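Have the viewer open as you read.

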Amino acid sequence: MKFTKMHGTGNDYIYVNGFVEKIENPSELSRKLSDRHKGVGSDGLVMILPSEKCDFRMRMFNSDGSESEMCGNASRCVGKYVYEKGLTDKTEITLETLAGTKVLRLWLNERKKVEKVTVDMGVPVFDAPSIPATFEQWPVIRYPLPVGEDGIYEVTSLSMGNPHAVLFLEKIDELNLPVIGPIIEHSPFFPNRTNTEFVEVVPGGLKMRVWERGAGETMACGTGACAAVVAAVLNGVADRKTTVQLRGGSLEIEWNEESNRVYLTGDAVTVFEGETELEN
Ligand SMILES: N[C@H](CCC[C@H](N)C(=O)O)C(=O)O
């Protein structure tokens, strides 16, 4: 199987051309290839597939094999992949995902390489059953969530197509994510588990670490950065147009006031092309 290793802001996935490669069990393949010692090493696997209603379809699997509805960083890389490999010559591309149709806008440099991509991430969803979450009232803003022996953390929760819990904290560098992350991920308030963003308000924007559902701490999360800005606006601590600094770099987010849609802009980088035996 041929694959391409790519990253968006350090959030790295293995990209497979599903027009050519037929993968029987992408979930199991994601678990196997994501292993950073015994596999290729990645946060998961992304299949680029034909679509009946859009230009392309994306399926995204976390490193634990679970499938997510949507991935902001991966959708930017899919845009770069399909354009630079000649699967399309469009610079505005529609992408079918489990969270609906997303529109990608490619930004080319003078050598016609895709330097960055803006994704129309759609509207944030606040009603708890759609997140899904079991809170009785919504929007869920600073709800005191019990987090194991660590006590109570105030969470703001919403869906960007996938579930998010956003926490605003004074200092995020020292946090022990492998301890707090899984407790929130598996909280009974989130029946399908959740992605969790730990956000610090800094001059010029937000600084964020993320514990992703099904992948653990990653260098960045696009849907998570969008959720963080929406939550920050609801909490009155950021502008609708904000830079989010992540461990792997920065993302530009705009929650447009008129359309209520969220726009994500960031890099998309090809790391290497590879080939692996499926049967071993
Ligand atoms: N890193 C991704 C999100 C992955 C979300 C996944 N961990 C989930 O189970 O929802 C992003 O850039 O949006």
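Q: What do the buried residues of helix 1 pack against?
A: They pack against strand 2 (11-17), strand 3 (44-49) and strand 4 (56-62). Keep in mind that this is a predicted model.

Q: Which residues of helix 1 are called buried, and what makes a residue buried?
A: In helix 1 (residues 26-34) they are P26, L29, S30, L33 and S34. A residue gets that label if 20 or more other C-beta atoms lie within 10 Å of its own, so each of these five meets that cut-off.

Q: Which residues touch the most other members of the largest nonpolar core?
A: That core has 74 residues, and V46, A225, A228 and V229 touch the most other members. Helix 4 (222-234) gives the most to this core, with eight residues.

Q: How do you know where this core lies relative to the two domains?
A: Domain 1 (2-122 + 266-275) and domain 2 (128-258) both give residues to the core, so it lies between them. As background, nonpolar side chains tend to be buried together in soluble globular proteins.

Q: What is A225 in contact with, leaving aside its neighbours within four places in sequence?
A: With those neighbours left aside, A225 is in contact with M208, V244, L246, L251, I253 and L264. Being in contact calls for C-beta atoms within 7 Å, so each of these residues has its C-beta atom within that distance of the one of A225.

Q: How many residues of each domain are in contact with the other domain?
A: Here 23 residues of domain 1 are in contact with 20 residues of domain 2. Helix 2 and strand 17 (262-267) each supply at least two residues of the side of domain 1 that touches domain 2. By class, that side has four nonpolar, 15 polar and four charged residues. The centres of the two domains, taken over C-alpha atoms, are 23 Å apart.

Q: Which domains does the shell around the ligand draw on?
A: The shell draws at least three residues from each of domain 1 and domain 2. Helix 2 (72-84) and helix 4 each supply at least two of its residues.

Q: Which residues come nearest to the ligand, and what classes make up the shell?
A: Of the 16 residues around the ligand, S68, N73, N162, G222 and T223 come nearest. The shell has three nonpolar, eleven polar and two charged residues.

Technical notes:
Residues are numbered from 1 along each chain as its sequence is written. This is a predicted model: local features need pLDDT of at least 70, side-chain atom pairs count only at pLDDT 80 or more; totals for chains, interfaces and linings use all residues. A residue is near a molecule or strand if its C-beta atom, placed from the backbone, lies within 6 Å of it. Helices (H or I, at least four residues) and strands (E, at least two) are DSSP runs, numbered from the N terminus. Ala, Val, Leu, Ile, Met, Phe, Trp, Tyr, Cys and Pro count as nonpolar, Asp, Glu, Lys and Arg as charged, and the others, Gly among them, as polar. Domain bounds come from an automatic or database domain assignment. Two residues are in contact if their C-beta atoms, placed from the backbone, lie within 7 Å. A residue is buried if 20 or more other C-beta atoms lie within 10 Å of its own, exposed if 12 or fewer, and partly exposed in between; C-beta atoms are placed from the backbone. A nonpolar core is a set of buried Ala, Val, Leu, Ile, Met, Phe, Trp, Tyr and Cys residues joined through C-beta atoms within 7 Å.
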